[in-house]
Amino acid sequence: MAMIDEMTIPGPGGTAGLDWLFHAFKLGGVELRNRIVMAPMTRRRSPGGVPNEHVIDYYRRRADGGVGLIISEGTYIDHPAANAHPGVPAFHGDEALHAWSRVLGAVHEAGARMFPQLWHVGSVRRPGVEPDPTVPGCGPISIWENGTQVVRALTKADIAAVVESYARAAANAERLGFDGVEVHGAHGYLLDQFFWRQTNTRHDEYGGPLANRVRFAVETVGAIRNAVSRDFPVVFRFSQWKSSDYSAQIAATPQELSEILLPLVGAGVDCFHVSTRRFWEPAFPGSEATLAEWTRRLSGKPVIAVGSVGLDRPHESRLFRDTANIAAEVVGVDRVLEHLQRGAFDLVAIGRALIADPDWAKKVRSNQMSRIEPFTKANLESYF
Ligand code: PHB
């Protein structure tokens with residue numbers, strides 16, 4: 001039995017609380033029809049890196065279902081070591097870009113906006129993976145496994161090349177008509193590997209103090225900003241947690257968080273997407289404020305929150321694609337509304353709940369919470 005918790009708290013203008021979710025929002029030059037964002041979720045369903053008809057249909061269904069903004073699954077930039085898994089879509093090359101413009105057409109037709117998420121996996125890559133199996137991974141430091149070098153430490157010239165690759169992808173996104181871009185700086189992938197002291201033990205200006213560890217991300221955002229129009233939104237996604245360690249932290253205090261955020265704001269970030277596993281949890285001892293709330297306060301920028309929205313439990317498995325014990329029941333949006341109302345964040349991203357039910361936003365809006373489909377093991381296995 002689904003656990004339903006419907007909510008009517010006073011909203012803007014004294015109307016029902018749900019209105020907090022369905023007010024338009026302006027991000028840079030782009031108007032979003034509501035506050036609901038589809039979270040980026042890797043699917044590995046684009047053979048050869050090219051989104052196919054199923055991918056078009058997958059995104060069209062979520063746009064039809066009423067979300068305001070779709071952030072694509074991670075899509076890899078044109079640096080040779082950017083990808084780690086077969087079937088992940090590319091964001092370069094005529095064929096993949098043409099396919100993305102067809103995805104975008106379907107999403108726009110249904111009234112939603114769309115940003116590609118620009119991804120470089122860094123040291124998660126191992127040789128043998130597409131697009132060129134001979135290319136090893138790359139990251140802040142070299143990694144050897146059984147006497148073989150599997151990850152190469154990036155030189156300064158390599159870093160400059162990756163930065164340019166991000167900028168080319170963003171320029172292509174704008175040229176194709178996308179409404180903005182999101183930079184993947186979270187979850188233990190390339191930019192986050194530089195943020196985190198544990199994975200970044202470099203001794204040059206990209207390692208050491210936090211100001212050095214954010215340099216790569218700052219240069220990336222700056223190059224993107226120079227490659228796109230002024231009002232083209234650039235979202236930066238970050239997290240404390242890593243795929244390899246849920247308890248990891250890149251910032252132990254609000255002060256450290258501001259040392260990460262402020263240089264990124266200076267480089268041109270328009271919005272932060274704060275990835276947590278449970279959006280309501282306090283971020284630091286001594287305060288109830290969430291990571292999204294701290295980010296909004298410290299950066300002065302709009303924030304997207306995410307983390308188990310609409311579901312009664314987070315995905316607890318450390319193995320990302322482990323389907324055991326994955327099922328979760330539907331819960332209402334009372335807590336989301338309360339956070340929106342008190343200004344803890346501006347937009348909310350929905351992940352698994354939108355895989356389970358593409359019509360999640362429409363059903364919430366029409367107060368048909370009891371008709372929302374719960375998240376099942378089969379959902380994760382099929383990813384539709
Ligand atoms: C995944 O493939 O499970 C995955 C990809 C990107 C993320 C997180 C998880 O940021």
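**Figure 1. Surroundings of His85 in the predicted model.** Not counting residues up to four places away in sequence, His85 touches Arg44, Trp119, Val129 and Glu130, where contact means heavy atoms within 4.5 Å. This is a predicted model, in which local features need pLDDT of at least 70 and side-chain atom pairs count only at pLDDT 80 or more, while totals for chains, interfaces and linings use all residues. Residues are numbered from 1 along each chain as its sequence is written, and side-chain values use heavy atoms, with hydrogens and water left out. His85 sits in the loop between strand E4 (69-76) and helix H2 (94-109); helices (H or I, at least four residues) and strands (E, at least two) are DSSP runs, numbered from the N terminus. His85 counts as buried because its relative accessibility is 17%; buried means under 20% relative accessible area, exposed over 50%, and partly exposed in between (1.4 Å probe, protein chains only). From His85 to Gly300 the C-alpha to C-alpha separation is 36 Å, and the two are 215 residues apart in sequence.

**Figure 2. The cis peptide bond at Pro131.** The bond from Glu130 to Pro131 is cis, with omega near 0°. Pro131 belongs to the loop between strand E5 (113-119) and strand E6 (137-139). Glu130 is also among the residues that His85 touches. Most residues other than glycine have a negative phi, and most peptide bonds are trans.

Figure 3. Asn146 is not a glycine, yet its phi is positive, near 50°. Its place is the loop between strand E7 (143-145) and strand E8 (148-153). With a relative accessible area of 81%, Asn146 is exposed. Ser308, also a residue other than glycine, has a positive phi of about 60°. Ser308 is found in the loop between strand E12 (303-306) and helix H9 (334-341). A relative accessible area of 12% makes Ser308 buried.

**Figure 4. Gly28 beside Asp231.** Gly28 and Asp231 are 203 residues apart in sequence, but their C-alpha atoms are 4.9 Å apart in space. Gly28 touches Asp231 and Pro233, leaving out residues up to four places away in sequence. The loop between strand E1 (25-27) and strand E2 (30-32) holds Gly28. Gly28 counts as partly exposed because its relative accessibility is 39%.

**Figure 5. Trp360 and the nonpolar cores.** The largest nonpolar core has 113 residues, of which Leu21, Tyr59, Phe216, Phe236, Phe345 and Trp360 touch the most other members. Such a core is a set of buried Ala, Val, Leu, Ile, Met, Phe, Trp, Tyr and Cys residues joined through side-chain atoms within 4.5 Å. Beyond its neighbours within four places in sequence, Trp360 is in contact with Ile36, Val309, Gly310, Val333, Ile350, Ala353, Leu354 and Ile372. Another core, of 15 residues, lies apart from the largest one and includes Phe25, Leu32, Val235 and Ala349.

**Figure 6. Salt bridges.** The whole structure contains 17 salt bridges, each a side-chain nitrogen of Lys or Arg within 4 Å of a carboxyl oxygen of Asp or Glu. Lys242 is bridged to Asp192, with the closest N and O atoms 2.8 Å apart. This pair links distant parts of the chain, 50 residues apart: Lys242 is in the loop between strand E10 (234-239) and helix H7 (254-267), and Asp192 is in helix H4 (residues 190-195). Lys242 and Asp192 are both buried. Asp158 is bridged to Arg152, with the closest N and O atoms 3.2 Å apart. Asp158 counts as buried at 15% relative accessibility, whereas Arg152, at 34%, counts as partly exposed. Glu293, Arg297, Glu338 and Arg342 are linked in a network of salt bridges.

**Figure 7. The second largest pocket and Glu281.** The space in the second largest pocket is about 300 Å³. Among its 14 lining residues, Gln240, Tyr246, Thr276, Arg277 and Glu281 are the closest to the centre. On a 1 Å grid over the protein atoms alone, a pocket is an open set of points where a 1.4 Å probe fits, with protein on both sides within 12 Å along at least five of seven lines; lining residues have an atom within 4 Å of a point. Grid points are joined across faces, edges and corners, and the volume is the space filled by probe spheres set on the points. Glu281 forms a salt bridge with Arg278, the closest N and O atoms being 3.3 Å apart. With a relative accessible area of 33%, Glu281 is partly exposed.
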